[in-house]
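Let us take a friendly walk through a protein model. Have the sequence and the 3D view open as you read.

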2 protein chains.
Amino acid sequence: MSHPHRFYAPFAPGESGAIRLPSEEAHHALRVARLRQGDPVSVINGQGDEIRGLLSVSGKQNVYVEVREQAACPPPPVALTLALGGLHQEKALQEVIRRAVETGFSRICFWQAEHSQKPVAVHDKCFKTALETCKQCGRLYVPVIDTAPSLEQFLTDFDGPGIIGVTEMEGKVPEPAVIETRLAIVVGPEGDFSVREREVVEAFGLTPVSLGKYIYRSETAAAMLMTLAASIVGELGPPLPISCFPSADPSS
Amino acid sequence: MSHPHRFYAPFAPGESGAIRLPSEEAHHALRVARLRQGDPVSVINGQGDEIRGLLSVSGKQNVYVEVREQAACPPPPVALTLALGGLHQEKALQEVIRRAVETGFSRICFWQAEHSQKPVAVHDKCFKTALETCKQCGRLYVPVIDTAPSLEQFLTDFDGPGIIGVTEMEGKVPEPAVIETRLAIVVGPEGDFSVREREVVEAFGLTPVSLGKYIYRSETAAAMLMTLAASIVGELGPPLPISCFPSADPSS
């Protein structure tokens, strides 16, 4: 049942022979996981490929994996994108990235919100967090993590169906978002959408969705919506086998 | 649209006149939120009651809320319980408590897992985290947070329908859990269930549920299952208005 230790190396699909681990990964293999010559390991490239092989140590720092088996995992049938108004707190940012990987998202785009003072930025640690989460949960794709200068620019470039988290539905019954190959989930920034951003949402025909009458932080709303959307497109196993007795059925 | 600052006080429903804020809350009102005599505030008791009123300051430390309006919110129609094998990390514990409040759970029970070295314990900070989350998101019920000496003891006492997160479904198509007024969601500990615990799960007829082929930490599996179950029973607004085009439909 237990999976061999997973490491990362930026190898190309079809690579044979031996894969050299980057120095940080090599350090982890020898000093943290305390693996030795000949131990079975797995190497992922974050692009859907996984190699199973045996560790080979040469000198103090050169660690290779001798390829025994290769597997490629196709990308998810529906590419999910989280488009989140830039977050102020590093902790919240990392939490969102972890959950995005865990729910099989293909892209995380932080867009510059009008109500946000801090410029959106993506740094090395974002990629590292995504990679560590892949290694931990076994997903093989590291999502693209990028930024957009505004919500409008994100939506113009994305050009596909999307849902947007809102606090008030104002009695509207939204048209469902029909997804075929991709879906964007737009979550507002701390400080909420600006008037201009609301107009943009309207113009692009996003489907409003509500998590009910409570107020959630951006990262919480994002985590909940990612979980619900991933479940709908089949990224989190079969639907939960729960049936509500009539008196408990929320739709009755 | 903005909600007045929320505070906590252990008042009884129907209280009129003035409610005295506990010293920590009084400190927060005056020193952190920097409120003054006459400012509108809200006070919750964590049991479904909310009071709107005006701040009244007497001396340096005595802060009262003069009751203007009272509202009582009925408990959720389905009482959801999270039963989680004790967590080792404080951070994970607090994360689970926050998400349980945010998804409207009524009870969190940490059960002593056979594979867990650390004795399960609930301390003051758990209640504080739950309370802070209530204040932040606007839910009016602080869940009961308790412990059970074993999974078997939890299930014996609970005596109702439950689902249990498993990694392998082994081709089983589970009988749905039928819920009327309550549901338990059982999540395994770090280190997984013991053989004995698996037998207990079988004997109690819990419905196995899977989040797919990936491996999630206990707190992540708990957060995902709480979100999905809360959505099914209507605690997170209407179902997401997403329809999958045939090619994207995971059930086809």
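This is a predicted model: local features need pLDDT of at least 70, side-chain atom pairs count only at pLDDT 80 or more; totals for chains, interfaces and linings use all residues.

Residues are numbered from 1 along each chain as its sequence is written, chains are lettered from A and ligands numbered from 1 in the order in which they are written, and side-chain values use heavy atoms, with hydrogens and water left out.

**Where the chains meet**

Start with the contacts (heavy atoms within 4.5 Å). On chain A, 54 residues touch 54 residues of chain B. Together the two chains bury about 4800 Å², and carbon and sulfur atoms give 64% of that area. Buried area here is the accessible area (1.4 Å probe) that two parts lose on being put together, summed over both.

The rule finds 3 salt bridges across this interface; a salt bridge is a side-chain nitrogen of Lys or Arg within 4 Å of a carboxyl oxygen of Asp or Glu. One of them joins Arg217(A) to Glu102(B), at 3.0 Å from N to O. Several elements of chain A, including α2 (90-102), α3 (124-137) and α6 (218-232), each supply at least two residues of the side that touches chain B. The largest share, 9 residues, comes from α6(A). Helices (H or I, at least four residues) and strands (E, at least two) are DSSP runs, numbered from the N terminus.

**Strands that pair**

Two strands pair if DSSP finds at least two bridges between them.

In chain B, 6 strands line up as β8-β7-β6-β11-β9-β12, forming an open sheet with parallel pairing. Which strands are at the edges? They are β8 (144-148) and β12 (207-209) of chain B, each pairing on one side only. Neighbouring strands of the sheet are turned by 25 degrees against each other on average, direction ignored. Helix α2 (residues 90-102) of chain B packs on this sheet, touching β6, β7 and β8 of chain B, and its direction makes about 150 degrees with that of β7(B). For such angles, axes are lines fitted to C-alpha atoms (for helices over the stretch in contact), and values run from 0 to 180 degrees between N-to-C directions.
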